[in-house]
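Have the viewer ready and follow along.

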Amino acid sequence: MPVALYHPEPAVAARIAAAVVAAGYAVDVLPDPDAGLRPWLGQCFDLLLLGSSAGAAAADPLAAVRLARSVAGRRLLFVLTDCDSRAARLTALSGGADDALGWRCNLPELTTRIAALLRCSQMAAGQLGAGDLRIDLIDRRVERAGKLIRMPQRECDLLAPLARVPGRPMSRAALLKAVWRLDFDPGTNRVEFHVARLRAKIDRGFDFPMLHTVKGEGYALHPHRGVPGLTTR
């Protein structure tokens, strides 16, 4: 999920961007809005991070947040302040921010809050995400790394519960209940058959496999490369 970031101090912007990238998100650092808002309006992002502690934002922080809100539209707006004060946070929230935080010494909390905001936003929009995988539950549309993956309803239904708990294995019994509404094991290979078909679609041709077999526990969707102790068969 792309994150757009503006902070008037390039060194600070680079530091914040590095933390957000390390948390697993793509970041686009925006130019100074004094040069015009066209580059901001043309960006594709899910969340806008606004540093509002210097420059024009310091002169009128409320106006700066309202301007950013107009750029973000219905997308998420997170305001960063150099001083983690109650007054600064209230100003940001009253201007239309979805969250606000003093970023200094708070980078771990910042990335955790970003993840929580994006997760809640996706759930509200009927979407799921894990790494570069996106699932639209309403349109039953699946993408990985921006590439559309066509799959029948059954495979989409199998992928969704795995994507809801990325990194955690789901047992065969749990998948039978979630996908086929079965409280018993019918003794067929339907789970294995559909997992194999799903794995071929979401893993083949991409940089690394996401769908893994966890011995003795079931199957897990891992959004990152190099998870030890797992197989892709």
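## Terms and model

Two strands are said to pair if DSSP finds at least two bridges between them. Strands (E, at least two residues) and helices (H or I, at least four) are DSSP runs, numbered from the N terminus.

This is a predicted model, in which local features need pLDDT of at least 70 and side-chain atom pairs count only at pLDDT 80 or more, while totals for chains, interfaces and linings use all residues. Residues are numbered from 1 along each chain as its sequence is written, and side-chain values use heavy atoms, with hydrogens and water left out.

## The parallel sheet

Strand β4 (residues 76-81) pairs with β5 in the parallel sense, over four bridges. Within this pair, V79 stands opposite A100 of β5. Both strands belong to an open, parallel sheet of five, ordered β2-β1-β3-β4-β5. At its edges are β2 (26-29) and β5 (99-102), each pairing on one side only. Direction ignored, neighbouring strands here are turned by 20° against each other on average; axes are lines fitted to C-alpha atoms, for helices over the stretch in contact, and angles run from 0 to 180 degrees between N-to-C directions.

Helix α4 (residues 61-72) packs on this sheet, touching β3 (47-51) and β4, and its direction makes about 150° with that of β4. Contact here means heavy atoms within 4.5 Å. Helix α5 (residues 86-94) lies across β4 and β5, running at about 155° to β5.

## Two nonpolar cores

A nonpolar core is a set of buried Ala, Val, Leu, Ile, Met, Phe, Trp, Tyr and Cys residues joined through side-chain atoms within 4.5 Å. Buried means under 20% relative accessible area, exposed over 50%, and partly exposed in between (1.4 Å probe, protein chains only).

Which members of the largest core touch the most others? Of its 30 residues, they are I135, V142, M151, L159, I202, L211 and L221. β6 (127-130), β7 (133-136), α7 (153-164), α8 (172-180), α9 (190-202) and β11 (218-221) each supply at least two residues, and α7 gives the most, with six. I202 touches R144, I149, M151, L159, L211 and L221, leaving aside residues up to four places away in sequence. Another core, of 22 residues, lies apart from it and includes V3, A19, L47 and L107.

## The whole protein

Nine helices and eleven strands make up the count for the protein. Its C-alpha atoms fill a box of roughly 70 × 35 × 30 Å, taken along the principal axes. Of the 233 residues, 42% count as buried.
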